[in-house]
Amino acid sequence: FSLMAITDDFGMHWQFSSPLVAPGNIQPSIAVKKDGTLVAYMRDNGPPPKRLMVSESKDRGNTWSMVTDSQLPNEGSGADVVTLENGHWVLAYNDTQNGRHSLAVSISTDEGKTWSYTRHLELDKRDKDATQSSYPSIIEGKNGLIHVIYSYHRRDTNGKPNETIKYARISEEWIMKGDG
């Protein structure tokens, strides 16, 4: 299960939420609805189906709804969601149930009900030699651009692992154009 640590005084004092209970949910990332409801997306280290898990809080994170599987495939790797200034949500995640060879960013214009726009930052279909990309983190800059950093692991021509961090500066419009 997961817990939220909550402070109302910039870290002077802390309290913990009720647990977000389900088999295998860890590392929550939170988006905020216009009505103030918090929505946590979590990686799933439990049994199949491999999907991002989701829970809601209507009391500023003190208590949470039952954790359920979302419709978003995820093989149990980290994900990050951000509420943009315009109210849309952007999510970076491994959008497959098997492996970290595919790293996508998706946009929801309806507070997570649907994720109508998706584009890949990384998509490598080379099976065992595929680049592995994971653990994304997102912020929105003051100019509205979206900044994403993530782990990027590939083998060089001699088969030696090359592990680094990759950075992408993208726009919501770029994501909405899709992979085509």
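Colleague: How many bridges join β11 to strand β12?

Modeller: The general idea is that strands of a sheet pair through backbone hydrogen bonds, either parallel or antiparallel. Strands here are DSSP runs (E, at least two residues), numbered from the N terminus, and two strands pair if DSSP finds at least two bridges between them. In this predicted model, β11 and strand β12 (residues 146-155) run antiparallel and are joined by seven bridges. Within this pairing, S133 has Y152 in β12 as its bridge partner. Local features in the model need pLDDT of at least 70 and side-chain atom pairs count only at pLDDT 80 or more, while totals for chains, interfaces and linings use all residues. Residues are numbered from 1 along each chain as its sequence is written, and side-chain values use heavy atoms, with hydrogens and water left out.

Colleague: In what order do the three strands of this open sheet stand?

Modeller: The order is β11-β12-β13, with antiparallel pairing. The edges are taken by β11 (132-140) and β13 (161-170); each has a single partner strand, so one side of each is left without a neighbour in the sheet. On average, neighbouring strands of this sheet are turned by 15 degrees against each other, direction ignored; the axes are lines fitted to C-alpha atoms (for helices over the stretch in contact), and angles run from 0 to 180 degrees between N-to-C directions.

Colleague: Over which ring does the charged end of K166 sit?

Modeller: A charge sits over a ring if NZ of Lys or CZ of Arg is within 6 Å of the ring centre and within 35 degrees of the ring normal. Here the ring belongs to Y152, and the charged end of K166 is 4.1 Å from its centre.

Colleague: Which strands form the open sheet of four?

Modeller: Its order is β7-β8-β9-β10, and the pairing is antiparallel. At the edges stand β7 (80-83) and β10 (117-123), each of which pairs on one side only. From one strand to the next, the twist averages 15 degrees. Four bridges link β7 and β8 in the antiparallel sense, and T83 has W89 in β8 as its bridge partner.

Colleague: Is L91 buried or exposed?

Modeller: Buried means under 20% relative accessible area, exposed over 50%, and partly exposed in between (1.4 Å probe, protein chains only). L91 belongs to strand β8 (residues 89-94) and counts as buried because its relative accessibility is 0%. Contact means heavy atoms within 4.5 Å; leaving aside neighbours within four places in sequence, L91 has contacts that include L52, L72, A79, W115 and I138. L91 and A79 are twelve residues apart in sequence, and their C-alpha atoms are 7.1 Å apart in space.

Colleague: How many aromatic pairs does the structure hold?

Modeller: Rings of Phe, Tyr and Trp (its six-membered ring) pair if their centres lie within 6.5 Å; planes under 30 degrees apart count as stacked, over 60 as edge-to-face and the rest as tilted. The structure holds three such pairs. One of them, Y41 with W115, is edge-to-face, at 5.9 Å centre to centre and 80 degrees between the planes. Y41 lies in strand β4 (residues 38-44) and W115 in the loop between β9 (102-108) and β10, so this pair ties together parts 74 residues apart in sequence.

Colleague: Which aromatic pair is tilted?

Modeller: W89 and W115 form a tilted pair, with 6.4 Å centre to centre and 45 degrees between the planes. W89 is in strand β8 and W115 in the loop between β9 and β10, so parts 26 residues apart in sequence are tied together. Y41, W89 and W115 form one aromatic cluster.
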